[in-house]
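Student: I have a structure open and want to go through it with you. Can we start with the packing and then move on to the charged pairs?

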Amino acid sequence: EDLGPEIAEPLASYISVTPSMTECTLRGNGLGVEDWTTIFNALYDSPASRISTWDLSWEDLGPKIAEPLASYISVTTSVTSIDLRTNELGPEGAKALAPALRDSPSLTSVRMHLEVLSR
């Protein structure tokens, strides 16, 4: 489904206060960089969030999502798995994400297209 930007703020509000949610699969829903930034910013300061698995594949977000995602990953201890395939992060996005992915105490699985890493 193409949820669109009108869902970003209500979704961010909901998942930032819902400790029982552990998986978020929103692949291919047409949320843009601004929408995902709203979600990750809401989760950045959320002590309640316990999401361990993110599927952000097929979102075509590009490298601009790397900074807000890296900020979120750097403060959360609950994320263990993230799927970023088909987001065309490119070398710029991969470079911006690398420190957060490397230093995350909980992350055990990252899925990305290999072409991003080989450039």
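Student: Which residues in helix 2 are buried?
Tutor: This is a predicted model. In helix 2, the buried residues are Asp 35, Trp 36, Ile 39, Phe 40 and Leu 43.

Student: How are the buried residues arranged, seen down the axis of helix 2?
Tutor: They fall within an arc of 130° down that axis, so they line one face of helix 2.

Student: And what do they pack against?
Tutor: The buried residues of helix 2 pack against helix 1 (8-16), strand 2 and helix 3 (66-75).

Student: What span should helix 2 have, and what is the distance between its end C-alpha atoms?
Tutor: Helix 2 covers residues 33-44, which is 12 residues. At 1.5 Å a residue it should span 16 Å, and its end C-alpha atoms are 16 Å apart, so the two agree.

Student: OK, switching to charges. How many salt bridges does the structure hold?
Tutor: There are 3 salt bridges in the structure. One of them joins Asp 55 and Arg 27, with the closest N and O atoms 2.3 Å apart.

Student: Where do the two partners sit in the chain?
Tutor: In distant parts of it, 28 residues apart. Asp 55 is in strand 2, while Arg 27 is in the loop between strand 1 (23-25) and helix 2.

Student: Why does Asp 55 count as buried?
Tutor: Asp 55 has 10% relative accessibility, and buried means under 20%.

Student: What else is Asp 55 in contact with, leaving aside its neighbours within four places in sequence?
Tutor: Besides Arg 27, Asp 55 is in contact with Cys 24, Thr 25, Leu 26 and Asp 83.

Terms used:
Residues are numbered from 1 along each chain as its sequence is written. This is a predicted model: local features need pLDDT of at least 70, side-chain atom pairs count only at pLDDT 80 or more; totals for chains, interfaces and linings use all residues. Side-chain values use heavy atoms; hydrogens and water are left out. Buried means under 20% relative accessible area, exposed over 50%, partly exposed in between (1.4 Å probe, protein chains only). Contact means heavy atoms within 4.5 Å. Helices (H or I, at least four residues) and strands (E, at least two) are DSSP runs, numbered from the N terminus. The expected span of a helix is 1.5 Å times one less than its number of residues. The arc is that of the directions from the helix axis to the C-beta atoms. A salt bridge is a side-chain nitrogen of Lys or Arg within 4 Å of a carboxyl oxygen of Asp or Glu.
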